[in-house]
Amino acid sequence: MSISNHPITVNEAFFQPLAELCATSKYARPCPKISDEQWIKLGLHRVLEAVESGRAFLQEHGPRFENIPCRSSYFDSLVSERRCNLARDVNLRLIGQLELPNRLEAIPELAKYECFAMDGHWHSSATHDPRHEGKKMAVGHFYSLDLKGHQLRHLAVGQGVHEHDMTVLKRLKPKGLRHEVPKGKRVVIVYDKAAIDFQFWKRCRHECAVYFISRPKEGMVYDWIESRLIDKRDKRNRGVTEDRVVMTREGHKMRIIFYTDPQTGKCYEFLTNEMDLPAGVIAELYRRRWEVEKVFDEIKNKLNEKKAWATSLVAKAAQGQMVAITHNLMLAYEVRLEDEHGVSNDAEDKRRLDRMRELKKTARIAGRETSVLLLTIRRTTQRSVKFVRWLRHALRENLAESLAIQRLALLYANL
């Protein structure tokens with residue numbers, strides 16, 4: 001790429017995937033005070049900057065933007081339901097156009113599935129949120145992480161005092177949990193125990209081919225029907241000790257997979273209404289549920305998104321959409337830097353490889369077998385602090401990408 005006349009900046013490269021997405025959205029409208037594209041980019045910059053409030057963001061970073069809106073215009077735009085729908089539409093179409101490595105490619109059976117890890121993420125209330133019994137309540141956001149490409153979707157904001165996860169899932173309905181996946185594929189939702197409702201699972205399976213993987217609740221009562229044959233030749237099934245078909249008291253047929261962790265020797269049980277995937281694959285999918293927790297750590301501790309931007313549910317939902325778009329843009333940009341410029345965090349890759357070797361060694365000493373899926377080299381689950389700090393600085397200073405890439409390579413090599 002020639003950089004002699006008009007070198008591309010990090011700003012241009014980072015935001016390039018958003019080109020035309022705002023203008024072509026069905027929710028786009030002209031606005032003289034703050035355009036849709038400007039509103040989206042301001043929201044993304046706010047997520048990336050570690051600021052305490054909207055006023056602080058406008059005061060500290062507003063002067064570097066063109067046509068920065070006044071305080072009232074900015075906060076009025078946050079409560080616009082149309083703008084919130086715009087942000088959601090932009091994120092969904094962004095996800096649709098991103099070409100990212102398939103992290104589940106080593107499991108050929110999953111070619112006919114789409115797999116999502118879902119959970120709730122909580123942070124502090126907004127400054128002017130009302131109190132409940134003298135206390136301000138935390139704000140719940142419900143996200144979905146695509147386990148193949150790692151794209152993030154914001155699904156809902158918790159309503160009321162402290163809305164339960166299952167209530168949110170029922171509010172989204174089976175169609176919403178299908179994630180707009182086209183017909184012909186099954187959808188697997190990996191969730192913790194809070195999502196167990198067998199009647200709802202049955203409805204999701206019948207209406208939309210949506211299946212669940214979770215862990216049994218303590219004291220759960222069920223009847224044993226049969227033990228399924230475990231293919232010991234399949235190295236993915238190492239660690240699986242039993243694969244049972246059971247019947248709940250309500251008459252719902254389920255599978256429970258018993259699995260022993262090769263490193264700790266701890267036994268786990270995984271509960272699912274999916275009857276076709278190998279037992280070792282079910283165990284691996286639930287293990288990868290932890291990846292959505294790593295993304296939450298990125299949101300809270302690296303992007304510093306610890307507090308609601310405003311009081312209204314619409315504004316909180318818009319904040320969640322901005323967080324999801326920011327994650328997806330960072331993910332895509334990091335992949336692009338590696339593929340096109342050869343810049344990668346080799347130190348972190350080495351640490352992951354060392355952890356894998358240690359796991360294999362510990363399991364061997366204990367006489368336990370390790371699933372081949374645990375030994376598959378996988379990509380990082382969140383952006384490093386180095387990358388986030390570098391990106392912030394490059395965007396603030398509007399650095400040429402060629403110069404910024406050199407600095408990032410030095411950071412990865414020396415820090």
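Modeller: A residue counts as buried when its relative accessible area is under 20%. By that rule, 52% of the 415 residues of the protein chain are buried. The model is a predicted one.

Biologist: What makes the radius of gyration of the protein chain agree with that of a compact globule?

Modeller: For 415 residues, the rule for a compact globule gives a value near 22 Å, and the protein chain has 23 Å, so the two agree. The C-alpha atoms fill a box of roughly 65 × 50 × 45 Å along the principal axes. The chain holds 13 helices and eleven strands. Of the contacts between residues at least 6 apart in sequence, 67% join residues at least 24 apart.

Biologist: Why is N273 called buried?

Modeller: The relative accessibility of N273 is 5%, and the cut-off for buried is under 20%; therefore N273 counts as buried. N273 sits in the loop between β11 (267-272) and α8 (279-287).

Biologist: How do you know that the side chain of N273 makes a polar contact with the backbone nitrogen of F212?

Modeller: The side chain of N273 reaches that nitrogen at 2.9 Å, and a polar contact requires N or O atoms within 3.5 Å. Leaving out residues up to four places away in sequence, N273 touches W201, R205, Y211, F212 and M254.

Biologist: Why is α10 called roughly perpendicular to α13?

Modeller: Helix α10 (residues 313-341) packs against helix α13 (residues 401-414) at an angle of about 95°, with the axes 12 Å apart. Angles from 65 to 115 degrees count as roughly perpendicular, so the label applies to α10 and α13. On the α10 side, the residues are Y333, E334, R336, L337 and H341, and they meet E401, I405, L408 and Y412 of α13. By class, this contact has five nonpolar, one polar and three charged residues.

Biologist: What makes the phi of K173 worth a remark?

Modeller: Most residues other than glycine have a negative phi. K173 is not a glycine, yet has a positive phi of about 70°. K173 lies in helix α6 (residues 165-177).

How values were computed
Residues numbered from 1 in each chain as written. Predicted model: local features only at pLDDT ≥ 70, side-chain atom pairs only at ≥ 80, totals over all residues. Heavy atoms only, no water. Helix = DSSP H or I, 4+ residues; strand = E, 2+ residues; numbered from the N terminus. Buried < 20%, exposed > 50% of the residue type's maximum accessible area, 1.4 Å probe, protein only. Polar contact = N/O pair within 3.5 Å; in protein donor to acceptor, adjacent residues only side chain to side chain. Contact = heavy atoms within 4.5 Å. Axes fitted to C-alpha atoms, helices over the stretch in contact; angles between N-to-C directions. Parallel < 35°, antiparallel > 145°, perpendicular 65-115°, else oblique. Nonpolar A, V, L, I, M, F, W, Y, C, P; charged D, E, K, R; others polar. Rg over C-alpha atoms; globule rule 2.2 N^0.38 Å.
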